[in-house]
Amino acid sequence: MNSNFKIFLKGIIDVSPLMIPVVPFGLIFGILAIDIGFTPLATMGMSLIIFGGASQIVLLQLFSGGASSLVIISSVGAVNSRHLLYGAVVSEHVSDLKLFWKIIISYFLIDQAFARSNEYFKKSNDKNKYFHLIGGGVTCWVIWQTTTFLGIILGSAIPEKLGLSFAVPLTFLALLVNDFRKMINVIVIIISGLVATLGYNYIPYKAYVIVAAFAGLFTAMILTKIIKKI
Amino acid sequence: MSDWALIIYCGLITFLTRFSMIALLKKEMFNDRIREVLSYVPSAIFPAIIFPAIFLDNNGLIHLENNPKILAAIIAMGVGIFSRNILATIFSGLASYWFLIFVV
């Protein structure tokens, strides 16, 4: 078996457990979009063109609330600003690649694939290790498109009472399990979480995500410096 | 603005946030100190998605009393710390959430 394909497969396997909550998330998105009044084609278009769960849900929320296009686009940008940090982390590992591959990788740079491939990139020295991220991204892409489609078809046959949207924060919680044992990480987690929760209503354009992220990173910067001095 | 134009602009801005750093940063710009701080990126971002989804209600108000999500998240976290297993974490959280809203 070709070694690039092996890395690609490893990406698929590593990201798979994280894909289970993507199923209800995609269904919910499809159902909501139709409910709000988007056509089935436009709903599929969102999943294909944007390919980002949080961005698409924010688009729906603000659109249904009657927000202007400018507010919607800037809010989607604010929610997505976390990708700037993902990109910064990943860029070190892909900086020698051709523009074509950088574009492909960017399209597939989603939360789950980033989290799993970031762990893999730190351990691997293979020059084609980026296939891991593509494997994870493609897996999520297939599931996201399929579940969006199913959501459009099934519509309101799925009861809202199940509270499946709770699967979304649980996914992100599961991504942090290795960090709960480390003191600095725990402090960073608490700071970021508090800033986001308290700032949710006061920071405009849904920018609370990136404000909280920078508060957390700033905390990490200080704490790692202090601890080295001791 | 038409629905399609809105979707395309949102798609473009999403892509640009993912692409810009990958396109701009070079390997030579990294050193151990930057790498160390960047290793905290997941811990700095994910809680900003987790906490509001657990502690805020649909109207964006802080909801602490009788909130089954808090207990379910704590159980999931406990399971996660001990098992270090992603699936066990997600399912224990969902199962306890359903237990709390349907049974208790």
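Me: Why is B:Arg84 called partly exposed?

Reply: B:Arg84 has 13 C-beta neighbours inside 10 Å. A residue is buried if 20 or more other C-beta atoms, placed from the backbone, lie within 10 Å of its own, exposed if 12 or fewer, and partly exposed in between, so with 13 neighbours B:Arg84 counts as partly exposed. The model is a predicted one, in which local features need pLDDT of at least 70 and side-chain atom pairs count only at pLDDT 80 or more, while totals for chains, interfaces and linings use all residues. Residues are numbered from 1 along each chain as its sequence is written, and chains are lettered from A and ligands numbered from 1 in the order in which they are written.

Me: Where is B:Arg84 found, and what is its phi?

Reply: B:Arg84 sits in the loop between α4 (68-83) and α5 (86-103) of chain B, where helices (H or I, at least four residues) and strands (E, at least two) are DSSP runs numbered from the N terminus. The phi of B:Arg84 is positive, about 55°, although this residue is not a glycine.

Me: What makes A:Phe51 count as buried?

Reply: A:Phe51 has 22 C-beta neighbours inside 10 Å, which places it in the buried class. This residue, too, belongs to a loop, the one between α3 and α4 of chain A, and its phi is near 45°, a positive value in a residue other than glycine.

Me: Is B:Trp4 buried, exposed or partly exposed, and how do you know?

Reply: B:Trp4 has 14 other C-beta atoms within 10 Å, and it is therefore partly exposed. B:Trp4 lies in helix α1 of chain B. Leaving aside residues up to four places away in sequence, B:Trp4 touches A:Ala42 and A:Gly45. The C-alpha atoms of B:Trp4 and B:His63 are separated by 37 Å, and the two residues are 59 residues apart along the chain.

Me: Why are α3(A) and α9(A) called roughly antiparallel?

Reply: Helix α3 (residues 40-49) and helix α9 (residues 131-154) of chain A pack at an angle of about 160°, with their axes 10 Å apart; the axes are lines fitted to C-alpha atoms, for helices over the stretch in contact, and angles run from 0 to 180 degrees between N-to-C directions. Angles under 35 degrees count as roughly parallel, over 145 as roughly antiparallel, 65 to 115 as roughly perpendicular and the rest as oblique, and the two helices are therefore roughly antiparallel to each other.

Me: Which residues make the contact of α3(A) and α9(A)?

Reply: From α3(A) come A:Pro40, A:Thr43, A:Met44, A:Ser47 and A:Leu48, and from α9(A) come A:Trp144, A:Gln145, A:Thr148, A:Phe149 and A:Ile152; two residues are in contact if their C-beta atoms, placed from the backbone, lie within 7 Å.

Me: Which helix gives the most to the side of chain A that touches chain B?

Reply: Overall, 74 residues of chain A are in contact with 60 residues of chain B. On the chain A side, α6(A) gives the most, with 11 residues. That side has 47 nonpolar, 22 polar and 5 charged residues.

Me: How do α6(A) and α1 of chain B cross, and what are the axis distance and the angle?

Reply: The axes of α6(A) and helix α1 (residues 3-24) of chain B come within 7 Å and cross at roughly 35°. Among the residues of α6(A) in this contact are A:His83, A:Leu84 and A:Gly87, and those of α1(B) include B:Thr17 and B:Arg18. The contact divides into 6 nonpolar, 5 polar and 1 charged residues.

Notes:
Nonpolar A, V, L, I, M, F, W, Y, C, P; charged D, E, K, R; others polar.
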